Amino acid sequence: MKEISQKLTGEIKRLTNKTFKFDERIKDGWFSAVYFLKTKEIAEQKLPNNYVTMQFFQKENAVLCGTDEVIALLHTFADNPESLEIKSLKDGDKITPYETVMTISGAYQQFGYLEGIIDGILARRTSVATNVYNVVKAARTSGEQKPVIFMGDRDDHYTTQAGDGYAAFIGGSTAQATHAMNEWWGKEGMGTMPHALIQMFRGDTVAAAKAYHEMYPEDELAALVDYNNDVITDSLKVAREFGEKLKSVRLDTSRTLVDKYFLRNHHLMGTFDPRGVNPELLFALRKALDEDGFGHVKIMVTGGFTEDRITEFEKAGVPVDMYGVGRSLLRLNIGFTGDLVLFNGSPEAKEGRRYRPNPRLEKVDYFHPNE
């Protein structure tokens, strides 16, 4: 059983290193800035009895993510982690600018060298969770929640997928492109077909869909229909071939192309941008499917979708049933800062920073990373 299942049922409060599987070189300082390592040595030799409190914050309205990972990091690599006092908010909590999300108290040499890693974990996880949350929110602007599929596999290094997938889950995306994105929270990857499959069938979308359906008959059949830049023609071809078996069509038209539908209907041009996946093309596709008796076929769109673009589509009532989003969800626009704010029980911080107690923080119980 995955730890996320135990967490969701209340058997455990936090995910542990059983989920995160940290690189053991963290203990040797391999991923820590050298000045943190030198400061640890100085503290050990010159100030061995110090007791500090480090607090972490950021500067946006955001959806917090990464706290379980940070706590597992501390419990795995800090010296004598059972003696640390950790207080924290939870993954998924809404946070405000400058709100303290976590404090760690103990001797600096126990955990100080992990500061940069902690900042990085919180920054990436919270950025992705917040981006996804905002896109999911945009996808219900019309009053109906449209599914958002997390498709960030091609937009960053593959080693980020498990953590990004978990952050996307915290942000509200429950469908993701790869198995790795689902590793920490329990489902399997999902998807339709790539352009490569249609290419190998020499641009025959129907033939590609037939091959897919024969190989994976239990999957809901979803056809990619923009390969020939004629989405209405190819959507109707596939729909006529498969009827009720066809569940959806996906458009991924390049923003540099104008679909052949508009080239055949010049009289429609002139009042809108006809490039890429645009509202007028989607209205025309929905109308064509409905008039041909395929009202059950849903429409999914991908390619360059952002929070703002989805909001525009939803406000305009564009007939989209699902959004696939990738690159915009991986923008790291939230940074965290760790500050030492108390020294041996007294206020002591760099100018402009101070101890900011937060009554929302909860004391974290120690658990052995191998339990």
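Buried means under 20% relative accessible area, exposed over 50%, and partly exposed in between (1.4 Å probe, protein chains only). This is a predicted model, where local features need pLDDT of at least 70, side-chain atom pairs count only at pLDDT 80 or more, and totals for chains, interfaces and linings use all residues. Residues are numbered from 1 along each chain as its sequence is written, and side-chain values use heavy atoms, with hydrogens and water left out.

**View 1. Helix 7 (residues 161-171) is mostly covered.** Helices (H or I, at least four residues) and strands (E, at least two) are DSSP runs, numbered from the N terminus. Contact means heavy atoms within 4.5 Å. G172 follows helix 7, with a positive phi near 120 degrees.

View 2. Two strands pair if DSSP finds at least two bridges between them. Strand 12 (residues 337-343) joins strand 13 through 2 bridges. L342 has P347 of strand 13 as its bridge partner.

**View 3. Helix 13 (residues 307-315) has buried residues.** These are R309, I310, T311, F313 and E314. They pack against helix 6, helix 12 (279-291) and strand 11 (322-325). Just after helix 13, G317 takes a positive phi of about 70 degrees.
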